[in-house]
Amino acid sequence: EEGMPHGQGVWSDDSYNGEVLTGTWENGEPVAPFSSRQYGGRGNIFSAVKLAYFMATDDNCDANKLVPSNDDPPRCGVASVECSIAGDFMSHLPEALLADEPRVEG
């Protein structure tokens with residue numbers, strides 16, 4: 001709509017600090033799963049995956065309990081996690097973002 005990349009593809013910028021990113025875009029932003037490699041430097045490589053999670057918290061954590069009450073229903077969701085896998089390891093990674101808000105199932 002606004003000329004932003006959307007869908008599967010490859011981004012390539014061959015400048016020294018450029019990168020080759022292979023994956024999926026939504027409205028101009030890369031979203032997991034994707035992999036990225038920088039041209040210059042020490043061969044930095046990054047990867048992002050979608051990770052399903054299950055939260056079985058049983059209370060609002062205002063007190064310690066020896067035995068769980070199981071008062072609250074379990075919740076599940078999806079997170080996007082990006083991390084360094086080679087070369088320099090960036091201090092802002094790993095980074096996890098909610099790809100899908102937690103919801104109650106059942």
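Because the model is predicted, local features are reported at pLDDT of at least 70 and side-chain atom pairs only at pLDDT 80 or more, whereas totals for chains, interfaces and linings use all residues. Residues are numbered from 1 along each chain as its sequence is written, and side-chain values rest on heavy atoms, with hydrogens and water left out.

The chain contains zero helices and six strands, where helices (H or I, at least four residues) and strands (E, at least two) are taken as DSSP runs and numbered from the N terminus. Among the contacts with a separation of 6 or more, 38% are made by residues 24 or more positions apart, a contact being defined by heavy atoms within 4.5 Å.

The six strands are arranged in an open sheet in the order 1-2-3-4-5-6, with antiparallel pairing; two strands are regarded as paired if DSSP finds at least two bridges between them. Strand 1 (7–12) and strand 6 (95–104) each have a single partner strand and stand at the edges, so one side of each is left without a neighbour in the sheet. On average, and with direction ignored, neighbouring strands of this sheet are turned by 20° against each other, the axes being lines fitted to C-alpha atoms (for helices over the stretch in contact) and the angles running from 0 to 180 degrees between N-to-C directions. In general, strands of a sheet pair through backbone hydrogen bonds, either parallel or antiparallel.

The pairing of strand 1 with strand 2 is antiparallel and extends over six bridges, and the two strands form a hairpin with six residues between them. Within this pair, G9 has G23 of strand 2 as its bridge partner. Strand 2 is in turn joined to strand 3 by eight bridges, again in the antiparallel sense, with W25 bridged to P30 of strand 3. The hairpin of strand 2 and strand 3 has two residues between the strands, and N27 adopts a positive phi near 50° in this hairpin. N27, which lies in the loop between strand 2 and strand 3, is not a glycine, and this residue is exposed, with a relative accessible area of 60%. Strand 3 (residues 29–38) and strand 4 (residues 45–55) run antiparallel and are joined by four bridges, one of the bridged residues being S36, whose partner in strand 4 is F46.

A pocket is here an open set of points on a 1 Å grid over the protein atoms alone, with protein on both sides within 12 Å along at least five of seven lines, whereas a cavity is a set of points where a 1.4 Å probe fits but cannot get out; lining residues have an atom within 4 Å of a point. The lining consists of P5, V10, W11, E19, L21, W25, G28 and P30. Strand 1 and strand 2 (19–26) are the elements that give two or more residues to this lining, and the largest share, three residues, comes from strand 2. By class, the lining has six nonpolar, one polar and one charged residues, with Ala, Val, Leu, Ile, Met, Phe, Trp, Tyr, Cys and Pro counted as nonpolar, Asp, Glu, Lys and Arg as charged, and the others, Gly among them, as polar.

S80, in strand 5 (residues 75–86), is buried, with a relative accessible area of 16%, and is in contact with A32, V49, E95, A96, L97 and A99. S47, in strand 4, touches F34, S35, V81, E82, C83 and I85; the C-alpha atoms of S47 and I85, 38 residues apart along the chain, are separated by 6.8 Å.

Cis peptide bonds were also found. The bond from A32 to P33 is cis, with omega near 0°, and P33 lies in strand 3. Another cis peptide bond joins L93 and P94, with omega of about 5°, and P94 is placed in the loop between strand 5 and strand 6.

Terms used
Buried < 20%, exposed > 50% of the residue type's maximum accessible area, 1.4 Å probe, protein only. Lists of a residue's contacts leave out its neighbours within four places in sequence.
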